[in-house]
Amino acid sequence: MSGSFAPSLTSRAATALLAGLVVLSLAIAPPAPSQAREAVDRAKVLVIGKVSDNPRKHYRRLKPMVDYAVARMTGLGVEEGRVLMARDNAQMIRFLRDGRVDWVTETLFSAVRFVDQADAQIVLRKRKKGLREYRNVFVAQRDSDIHTLRDLGGRVVAVEDPGSTSAYFLPRYLLQQADLRPRQVTPGEADLGTDEVGLAFARGEINIAMWVHEGKTAAGAFSNVDWNTPDHTPPAVRANLRIFHRSPPIARAVELVRPGLPPAVRDRLVAVLLQAHEHPDGRRALYAYQRTERFDPPDEALARNITEVREMLRAVGATD
Amino acid sequence: MRITATSRLVGAAAAGLLGMPTLAGAADYGNADVLVRTGDGLEVATMDGAFGLRLNGRLMFDTVYFQDDAVDFHSGTEIRRARLDVSGTVHFDWDYELEVGFANDEVGIADAWIGYRLDSISRLRIGQFKAPMSLEEQTSSLHLTFMERALPNALVPDRRIGLGWLANGPDWTLAAAVFGDEGDTEDDDDEDDEGWGGGLRGTFAPFTQGRRAAHLGASVYYRSPGQEESPRIRARPETHITDTRLVDTGDMEDINHAWRGGVEAAGVLGPWSVQGEFLAARFETRDRDFRRFHGGYAYVSYFLTGESRDYQPDEGAFGRIDSILHDYGAWELALRWSRLDLQDEDIGGGRQTNWTAGVNWYANRNTRFMFNYIRVKADPVTLEDGNLPDGTPEDLGKDEPHVWQLRAQLDF
């Protein structure tokens with residue numbers, strides 16, 4: 001038998017190897033941009049933000065997108081991208097007014113409020129996995145006697161939670177347009193006038209489907225995406241329900257910029273984002289950015305939606 | 001989800017308590033607000049993503065009854081796990097995790113590592129963490145379908161201190177790591193050696209669509225034990241309360257190095273799911289003799305109440321049942337076959353085949369109760385160092401006990 005086998009490494013050698021690997025990996029890993037400078041020139045930083053209840057998770061989604069944009073802002077003096085999230089719409093409006101956030105991604109309902117109360121500008125709409133818009137759908141049990149919104153008089157509808165535009169504001173507005181008076185109730189509420197509709201908060205898309213399926217409420221309202229998502233509407237439940245009303249389409253999400261953002265920066269940002277889906281690293285950043293497929297420029301349909309949403313917010317009496 | 005004025009107050013109080021109204025390293029053109037969130041343990045995080053700290057924990061209590069055959073097992077109860085986990089982020093791109101277990105009046109460290117995020121798909125990790133092997137191993141003990149991992153888990157290396165590189169996309173994962181010495185581990189079930197080693201695991205989900213998913217994975221692992229150590233493979237009969245191991249290779253002398261490999265497959269179809277793995281190990285002695293062992297398991301599970309198991313294609317493992325459909329919780333039935341063959345020409349470590357029937361009741365997303373009934377069929381080994389209790393007859397041909405066990409589990 002020729003040759004000899006390699007002797008096993010002693011544990012001291014193994015430790016040295018490990019230490020060497022550590023040093024090597026630190027040497028080749030890109031250095032984290034120094035984010036803790038003493039004083040930073042605000043003009044050199046582009047800040048992206050969103051309203052968030054999970055900052056660490058959303059940081060991972062926003063950072064690659066802002067870094068991608070900043071890398072393509074040569075000649076404009078923007079050198080660094082940062083993230084700043086807000087707890088709620090009111091705080092984001094303050095951030096936009098105070099110039100602490102440059103670029104915000106939001107659903108249309110909140111975006112319209114930012115436009116009206118902070119003078120923000122909607123510059124792009126987001127396309128998520130091929131969907132540019134969504135619709136609100138009202139569902140009832142397959143064999144129920146509910147066929148139009150008017151049939152909901154005196155009954156209870158399950159909606160998500162007061163903060164959800166698709167599963168609260170929009171259904172509320174649609175009910176008002178049908179000359180009904182929506183008000184907040186618990187699911188078992190029986191004391192409703194014939195032109196009143198009870199809105200019960202199910203606090204979770206799957207709960208909306210389940211409540212209708214189990215007869216806890218007469219109907220439910222959520223987005224068509226939820227209707228098509230098995231986790232939110234399990235097939236066994238869906239088989240027992242039917243859609244009896246669909247809203248007109250509403251744009252899903254838009255990008256906004258703050259009022260004082262230098263026009264050169266804004267225009268470059270828009271140009272870069274419109275083309276991001278054509279480049280591999282752009283696509284990677286878009287995917288991290290809440291699975292965005294691409295961005296589209298504002299069009300007639302969006303302008304119509306903005307007007308409709310503004311009208312909805314006014315009719316519903318939304319503040320904050 | 002709305003953040004109420006109360007939570008804002010709590011957040012500010014927490015920030016004050018932690019002594020950080022303005023954070024060094026945070027956005028320095030203003031203060032970074034702190035948010036407190038619950039629902040997944042307790043988390044405190046700054047609004048600019050710079051810093052976050054999360055506290056989680058788990059408690060598991062078992063009670064086990066043995067219907068002995070030839071070997072005398074002791075029925076009883078135990079705190080199966082009592083663990084606190086702290087994890088988080090510092091300075092935007094650095095992550096960490098420290099998990100400490102307190103069961104059996106001992107303090108043991110599970111995961112303990114420092115991580116650095118290289119880009120949106122990959123990260124480095126240094127410290128103590130699991131070897132990149134086996135779907136069941138990578139799945140948290142909180143989300144296993146049965147009370148214990150299957151017999152072939154004895155072939156999966158335990159946590160060690162090392163350096164890892166991990167990457168993932170929406171439907172794939174890749175993990176590579178090199179390991180050094182054995183760390184201070186919580187569970188002492190696996191072999192016991194020093195030295196160094198390295199492993200690689202890749203997973204792919206050919207499709208995931210709502211409540212349907214498929215998983216494929218494979219891993220390979222190499223280890224060269226230290227001079228003084230003799231590797232050993234042994235397994236409890238899928239119940240943790242006993243230290244009696246019916247199958248046990250004993251300390252294997254003169255091992256030069258060992259190769260291990262595994263293949264994994266799993267599928268989810270609505271309330272149904274299947275999962276199986278095959279694992280093998282080949283130890284090579286200094287005289288070029290081989291010692292080969294292998295094992296596998298396969299199981300099927302079904303949710304009576306309509307839920308599905310939660311497969312996470314970007315992690316290559318299963319997670320929590322998030323949406324429980326009914327007020328009365330979720331009920332799951334499961335059946336598993338598993339086998340471990342530690343019988344080689346020169347090493348008579350025994351063979352064991354188990355059938356387990358399980359019933360799980362998920363009271364809510366953080367609490368569950370489990371029942372397992374195991375039929376053990378073993379060709380056990382009797383070692384000189386007493387793997388079997390005193391009084392057990394020598395030359396025991398077979399042992400076929402039945403095990404009945406219950407668990408209460410909560411995590412936050």
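Ala, Val, Leu, Ile, Met, Phe, Trp, Tyr, Cys and Pro are counted here as nonpolar, Asp, Glu, Lys and Arg as charged, and the others, Gly among them, as polar. The model is predicted, so local features need pLDDT of at least 70 and side-chain atom pairs pLDDT 80 or more, while totals for chains, interfaces and linings use all residues. Residues are numbered from 1 along each chain as its sequence is written, and chains are lettered from A in the order in which they are written.

A cavity is a set of points, on a 1 Å grid over the protein atoms alone, where a 1.4 Å probe fits but cannot get out; lining residues have an atom within 4 Å of a point. Points are joined across faces, edges and corners, and a volume is the space filled by probe spheres set on them. Six cavities of 30 Å³ or more are found by this rule.

The largest cavity holds about 160 Å³ of space. Its lining comprises 20 residues, of which Leu142(B), His143(B), Ile321(B), Tyr362(B) and Arg368(B) are the closest to its centre. By class, six of the lining residues are nonpolar, seven polar and seven charged.

The second largest cavity holds about 50 Å³. His143(B) lines this cavity too, and among the other lining residues are Glu136(B), Thr139(B), Phe146(B), Gln275(B), Tyr299(B), Arg309(B) and Arg336(B). This lining divides into three nonpolar, four polar and four charged residues.

Technical notes
Side-chain values use heavy atoms; hydrogens and water are left out. On a 1 Å grid over the protein atoms alone, a cavity is a set of points where a 1.4 Å probe fits but cannot get out, and a pocket is an open set with protein on both sides within 12 Å along at least five of seven lines; lining residues have an atom within 4 Å of a point.
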